[in-house]
Amino acid sequence: MLFRSQKRLGWVFLDRKAAEQGYASAQYDLGRMYNDGKGVPQDFSQAAHWFSQAAEQGHATAQHSLGDLLAKGHGAPQDLVSAHMWQNLAVASATPELRARYEATRDDTARKLTPTQLAEAQRMATEWHIERQKRLGDVPSDSMPLDRS
């Protein structure tokens with residue numbers, strides 16, 4: 001049992017180093033550790049921080065996880081508009097295996113929003129997507145908005 005604990009601490013250290021260097025997958029992994037309390041004490045605000053770092057880089061699972069925390073008010077004040085924005089971005093870049101699950105979560109959040117809030121969440125997601133494309137130098141001349149669900 002001691003070996004397993006030492007091994008887990010080693011992984012936490014490596015993930016933290018990689019996360020601090022900006023690796024989105026390591027940021028997501030560290031966020032998941034804090035979210036689940038595996039290898040570190042459970043801390044939703046640390047989970048939200050690391051999910052946010054990875055989400056800003058376009059990591060779909062981190063976007064979905066951050067949206068989930070925001071929808072529940074774990075680690076940050078509840079913000080259904082921002083939750084929907086992140087969930088919508090996650091759907092847009094999810095693998096086919098995850099898309100249906102992410103859509104269900106996003107659609108559940110959408111049902112809790114007023115039409116005005118939903119329009120704002122969709123505007124924010126589209127704006128984020130276009131800004132990210134600009135940062136990456138990949139802006140199509142006919143940028144399409146994200147799904148309006």
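The following is a conversation about a predicted model of one protein chain.

Colleague: How many helices and how many strands does the protein chain have?

Modeller: From the N terminus on, the elements run α-α-α-α-α-α-α. The secondary structure comes to 7 helices and 0 strands.

Colleague: What share of the 149 residues in the protein chain is buried?

Modeller: A residue counts as buried when its relative accessible area is under 20%. By that cut-off, the buried share of the 149 residues is 38%.

Colleague: Is Trp86 buried or exposed?

Modeller: Trp86 lies in helix 5. Buried means under 20% relative accessible area. Because Trp86 has a relative accessibility of 6%, it counts as buried.

Colleague: Which residues touch Trp86, not counting residues up to four places away in sequence?

Modeller: Trp86 and Ala62 are 24 residues apart in sequence, while their C-alpha atoms are 8.9 Å apart in space. The residues that touch Trp86 are Ala55, Glu56, Gln63, His64, Leu66, Gly67, Leu70 and Trp128.

Colleague: Where do the buried residues of helix 6 lie, seen down its axis?

Modeller: In helix 6, the buried residues are Tyr102, Arg106, Thr109 and Ala110. Seen down the axis, these buried residues fall within an arc of 95°, so they line one face of the helix. Glu97 and Ala100 are exposed on the other side of helix 6. The place asked for is therefore one face, within an arc of 95°.

Colleague: Which helices do the buried residues of helix 7 pack against?

Modeller: Helix 7 covers residues 115-136 and reaches 32 Å from its first C-alpha to its last. Its buried residues are Leu118, Ala121, Gln122, Met124, Ala125, Thr126, Trp128 and Gln133. They pack against helix 3 (44-56), helix 4 (60-72), helix 5 and helix 6 (96-110).

Colleague: How far apart in space are Ala92 and His129, C-alpha to C-alpha?

Modeller: Ala92 is found in helix 5, residues 80-93. Ala92 is partly exposed, with a relative accessible area of 44%. Ala92 and His129 are 37 residues apart in sequence, and their distance in space, C-alpha to C-alpha, is 9.5 Å.

Colleague: How far apart are the closest N and O atoms in the salt bridge of Lys72 with Asp68?

Modeller: Lys72 and Asp68 both lie in helix 4, 4 residues apart, about one turn of the helix. Asp68 is partly exposed, at 26% relative accessible area. In the salt bridge of Lys72 with Asp68, the closest N and O atoms are 3.1 Å apart.

Colleague: Which residues are linked with Asp108 in a network of salt bridges?

Modeller: Side chains of opposite charge can pair when their charged atoms come close. The side chain of Asp108 meets that of Arg111 at 3.7 Å, N to O, and that of Lys112 at 3.5 Å. Arg111 counts as exposed, at 62% relative accessibility, whereas Lys112 counts as partly exposed, at 49%. The residues linked with Asp108 in the network are Arg111 and Lys112.

Note on methods. Residues numbered from 1 in each chain as written. Predicted model: local features only at pLDDT ≥ 70, side-chain atom pairs only at ≥ 80, totals over all residues. Heavy atoms only, no water. Helix = DSSP H or I, 4+ residues; strand = E, 2+ residues; numbered from the N terminus. Buried < 20%, exposed > 50% of the residue type's maximum accessible area, 1.4 Å probe, protein only. Expected span 1.5 Å × (residues − 1). Contact = heavy atoms within 4.5 Å. Arc of directions from axis to C-beta. Salt bridge = Lys/Arg side-chain N within 4 Å of Asp/Glu carboxyl O.
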